[in-house]
Amino acid sequence: MRRAKKRDWSWLAGYALIALPVLIMVALIFYPAVLALIDTLFVPDATTGVTALSLSNYQAFFKDRILVANLLFTFQVTLTAVALLFVIGYPLALYLRFSKSRLASVVQVLTLFPLFVPGVILAFALIQFLGSHGMLDSLLHAFGFTGFRTPYLQPQGVIIALVWESIPFTVLVLTAGLRQVEDAVVESARDVGANSWQIFMRILLPLSLRSAVIVFCLNVIGIFGAFTIPYLLGPAQPMMMGVSMQQTFNNYQDRVGALTQAVITFLFCAVVGLLYVRTVTRGRKERA
Amino acid sequence: MPVKSSVFKALTKTVRREGLSVVLIVALFTIIIGPMLTVVLWAFADVWRYPSLVPTQWGTSFWAETLARADLAMAFPLSVGLAVTVTLLSAVICLPASYAFARMNFPGRQGLLLSFLATNAFPRFGLYVSIAVVFYRLNLIGTIPGVILIQIVNTLLLMIWIPTSAFQGVDRSLEEAALDVGASRVRVFLQVTLPLVLPSLSAAVLLTFVSTFYEAQGALIVGLPNVTTMAVLMYSIINSQIIVQYGAIISFILWLPSLILLTFAQRFVRGNAISAGFGV
């Protein structure tokens, strides 16, 4: 590393150039998050008006059956969707990594396609596609299958849409991870008689673990904090936390209540978020 | 006949190999393209009755009605204007910073660069609610500056990480060679460095523009009731779906910029630009 000996002001110029985005990030991410914590933890006393440290907002949240049901529902949807994403994403990534087919590029474009469909449009499209008397219903009807029950306004509908939305990111990052494993490694394993499953479990998965961890973390955080899809496609009860927060904030004008829910999602995602930041940091160090 | 059988073998091998691709393509096409195709068909349907697989009666009779909607006429210029403003601001704020992150030495550089990952490490909607509460105190709710600010947050990671990795990827010996033959620093930057990073920079700008154009959640919670973008308008159209064609036509128009971006997709993937935006 070259130290700035010739021009002593160069570090200052560096700070000057990065000051604005760092300031925006602190003002619009860290400050609101810390303020949310303070606002929900320091509660003014009803009679004296003196603010004191109190967990009463959080106690109120966990006493509210509807809110607890919302939190549990959010966990369920997140875990199911993330598991499905791995089940769908890994085979596709393996195909894209190893296929020598000329059609592989078509498959790649198809898996990337959802990246170019914004959430609100996806919600509308899936209602027309999956809704009762929608396109899928008609397709199944054409094949003689009746008795289609729509997942629209059901938990399944939310899960389908969230998985749909996250496939490109999942496949993209998993494929990038698998590309870091060299062909020679795979071939030599095959030469000593390893079958495909063993190659995947013993070689490909461990060697591309970092990308799998990143996929896991960002999918968990993304789905846990989702709003548009569960708001437009999900059941009215239970709601996912994003919808619950929006209702509390807009419909009930209960800002502290909404912040309490926000902080609870922060705390859960903090574990996963730290894992994500650590994984990326380590990856960059190894590469450097 | 050994020749024939080896040809046959090769053929079945190809069929088997391509067979997987074909099955994948059919499955993915149905699941991924199917919903969007349905929207496009609805946009050009006058009547569509179940269980017909295509519109019962084709036509564009809903187009004039939809395009004449007052809310649409207000929302469309607003969305475009917001996306342009946010993208330009984000570029002005972030691109010099990404140059600094890639090329300059200052204490804490790596840590500060990594700190932008925080934009991904928070559950999005919880963060928006916290920001909205701050904006409430600053009277930024329902204002255009408020929406611009909340949308800029979304662009930071992409607009810093993609250009930073591009600047880092530039071979320094090229620049030094140009300096050696007497080119000025400014000229080296404009004629050597910039052309090399331009594809990544344009990818970052384009992705930022499109993602801002479609950003709905931040605009919903901060913008309402005064600022209604196209994407926010979709919420109410979906929730009060009386006539499917309205939503279909608006979705179709709204989706066009993204469709154009899609044609560039292959190039981004090859350059791994998108992955860099996730911090991979």
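**Loops, domains and a helix pair in a predicted model**

Pro238(A) sits in the loop that links helix 11 (228–233) to helix 12 (241–251) of chain A. This is a predicted model, and in it the peptide bond running from Gln237(A) to Pro238(A) is cis, with omega near -5 degrees. Chain B has a cis bond to look at too: the one from Tyr50(B) to Pro51(B), where omega is near 0 degrees. Here the proline, Pro51(B), falls in the loop between strand 1 (45–47) and strand 2 (57–58) of chain B.

In chain A, Leu153(A) has phi near 65 degrees, which is a positive value in a residue other than glycine. Leu153(A) belongs to the loop between helix 6 (135–142) and helix 7 (155–179) of chain A. It has 15 C-beta neighbours inside 10 Å and so counts as partly exposed. In chain B, Asn139(B) is not a glycine either, yet its phi is positive, at about 60 degrees. Asn139(B) is placed in the loop between helix 6 (124–137) and helix 7 of chain B. With 9 C-beta neighbours inside 10 Å, Asn139(B) counts as exposed, because 12 or fewer is the cut-off for that class.

Helix 7 of chain B, which spans residues 144–169, pairs up with helix 9 (residues 185–214) of chain B: their axes come within 9 Å and cross at roughly 170 degrees. Angles over 145 degrees count as roughly antiparallel, so that is how helix 7 and helix 9 of chain B are set against each other. Their crossing is right-handed. On the helix 7 side of chain B, the contact draws on residues including Gln151(B), Leu158(B), Ile162(B) and Phe167(B), while helix 9 of chain B brings in, among others, Val197(B), Leu201(B), Leu207(B) and Thr212(B). Sorted by class, this contact has 11 nonpolar and 7 polar residues, with no charged ones.

Stepping back to chain B as a whole, the domain assignment gives domain 1 (2–59) and domain 2 (69–277). The centres of these two domains of chain B, taken over C-alpha atoms, are 34 Å apart. Where they touch, domain 1 of chain B puts in 5 residues and domain 2 of chain B puts in 6. Helix 1 (residues 2–43) of chain B supplies the largest share of the domain 1 side, with 4 residues. As for class, that side of domain 1 of chain B has 5 nonpolar residues and no polar or charged ones.

Notes: Residues are numbered from 1 along each chain as its sequence is written. Chains are lettered from A and ligands numbered from 1 in the order in which they are written. This is a predicted model: local features need pLDDT of at least 70, side-chain atom pairs count only at pLDDT 80 or more; totals for chains, interfaces and linings use all residues. Axes are lines fitted to C-alpha atoms, for helices over the stretch in contact, and angles run from 0 to 180 degrees between N-to-C directions. Helices (H or I, at least four residues) and strands (E, at least two) are DSSP runs, numbered from the N terminus. Angles under 35 degrees count as roughly parallel, over 145 as roughly antiparallel, 65 to 115 as roughly perpendicular and the rest as oblique. A crossing is left-handed if the near helix is turned anticlockwise from the far one by less than a right angle, and right-handed if clockwise. Two residues are in contact if their C-beta atoms, placed from the backbone, lie within 7 Å. Ala, Val, Leu, Ile, Met, Phe, Trp, Tyr, Cys and Pro count as nonpolar, Asp, Glu, Lys and Arg as charged, and the others, Gly among them, as polar. Domain bounds come from an automatic or database domain assignment. A residue is buried if 20 or more other C-beta atoms lie within 10 Å of its own, exposed if 12 or fewer, and partly exposed in between; C-beta atoms are placed from the backbone.
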